[in-house]
Amino acid sequence: MSSPPMIDGAFARWLASRAGQALLDLRTEMGFADSGALKSAGDKVSHDLIRTELAKWRPGDAVLSEEDEGSRLAWAAEVNTGAVSRLTADRVWIIDPLDGTREFSEEGRSDWAVHVALWARNAPSPHGLVAGAVGLPAQHRVLGTDYPPAYPPMTVEAATAGERKIRLAASRSRPPVFLTDLAEDVGAHLVPMGSAGAKIAAVVTGEVDAYIHAGGQYEWDSAAPVAVATATGLHASRIDGSALRYNEADPRLPDLLVCRKDLATRLLAALQRHSG
């Protein structure tokens with residue numbers, strides 16, 4: 001096999017593509033009769049592949065993967081041993097090997113993803129993300145910061161009627177309890193989707209206008225999608241408007257808003273009214 005691209009953004013795309021193909025192959029091999037076994041195997045196959053390639057091609061970088069032992073633990077910021085050496089590293093890959101295991105294990109569903117992001121200490125942005133890729137294997141595409149998509153066009157309704165019917169991506173299984181009231185407030189309708197990566201990808205491509213989450217997540221759930229979204233020119237923040245920050249001692253990052261920039265002020269105001 002030829003060597004992967006050495007530029008970080010292209011490398012992230014290559015890595016997400018390879019893991020995605022491995023997951024598609026696994027689906028074909030195992031089928032869908034035992035969803036639990038397929039979920040477990042998917043997490044392991046993708047994690048092992050990504051970890052192996054990072055060790056080979058980026059041996060000096062630290063890694064935070066959802067499937068690492070102790071990945072969800074909050075550490076004191078001064079700790080610098082073993083699994084938490086990332087806290088003083090200059091470069092950290094933030095990985096979700098399989099975002100949306102439930103959707104992955106269901107035949108016919110394509111709203112699951114592979115997340116590969118790179119955080120750098122000297123990054124110019126508050127979130128610190130300098131490269132990222134979201135693989136959507138069952139959709140046969142990868143969105144990446146090396147070739148970020150064009151800013152999504154306005155909806156036909158907005159262009160012709162002069163006002164926007166906001167489409168909000170929502171969890172099909174556990175949407176925030178306030179989201180229905182918020183949608184009514186701003187004249188939006190909810191579009192149920194699977195994984196966080198698939199939802200943010202839908203904002204990037206213009207299939208929906210915004211994604212709001214407040215039910216609890218970790219850094220790997222949003223790092224790669226946020227890297228791509230902000231490279232595309234979209235707004236991304238916490239639901240109180242503060243900056244998203246990655247490679248923190250506590251990897252929990254429980255809420256976020258990703259949306260078109262022209263909707264950010266309106267949605268943040270609505271969030272202030274409904275998420276308290």
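Q: Is arginine 91 buried, partly exposed or exposed?

A: In this predicted model, arginine 91 has a relative accessible area of 26%. Buried would require under 20% and exposed over 50%, so arginine 91 is partly exposed.

Q: Which residue does the side chain of arginine 91 meet in a salt bridge?

A: Side chains of opposite charge can pair when their charged atoms come close. Here the partner of arginine 91 is aspartate 8, at 2.9 Å from N to O. The two belong to distant parts of the chain, 83 residues apart: aspartate 8 lies in helix 1 (residues 8–30) and arginine 91 in strand 2.

Q: What does the salt bridge between aspartate 90 and arginine 121 tie together?

A: The closest N and O atoms of aspartate 90 and arginine 121 are 3.6 Å apart. Aspartate 90 is exposed, at 52% relative accessibility, whereas arginine 121 is partly exposed, at 41%.

Q: Where do the partners aspartate 185 and arginine 273 lie?

A: Their side chains form a salt bridge of 2.8 Å, N to O. Aspartate 185 is in helix 5 (residues 179–186) and arginine 273 in helix 8 (residues 261–274), 88 residues apart. Aspartate 185 is partly exposed, with 35% relative accessibility, and arginine 273 is exposed, with 52%.

Q: Which members of the largest nonpolar core touch the most other members?

A: In soluble globular proteins, nonpolar side chains tend to be buried together. The largest nonpolar core here has 35 residues, of which Ile94, Leu129 and Tyr246 touch the most other members. Among the elements that give two or more residues to this core are strand 2 (91–99), strand 4 (129–136) and helix 7 (219–232). Helix 7 supplies the largest share, seven residues.

Q: Why does this core lie between domain 1 and domain 2?

A: Both domain 1 (6–142) and domain 2 (154–273) contribute residues to the core, and therefore it lies between them.

Q: Which residues are in contact with tyrosine 246, leaving aside its neighbours within four places in sequence?

A: Tyrosine 246 is in contact with Ile94, Trp119, His127, Leu129, Glu219, Ser222, Ala223, Val226 and Leu253.

How values were computed. Residues are numbered from 1 along each chain as its sequence is written. This is a predicted model: local features need pLDDT of at least 70, side-chain atom pairs count only at pLDDT 80 or more; totals for chains, interfaces and linings use all residues. Side-chain values use heavy atoms; hydrogens and water are left out. A nonpolar core is a set of buried Ala, Val, Leu, Ile, Met, Phe, Trp, Tyr and Cys residues joined through side-chain atoms within 4.5 Å. Buried means under 20% relative accessible area, exposed over 50%, partly exposed in between (1.4 Å probe, protein chains only). Helices (H or I, at least four residues) and strands (E, at least two) are DSSP runs, numbered from the N terminus. Domain bounds come from an automatic or database domain assignment. Contact means heavy atoms within 4.5 Å. A salt bridge is a side-chain nitrogen of Lys or Arg within 4 Å of a carboxyl oxygen of Asp or Glu.
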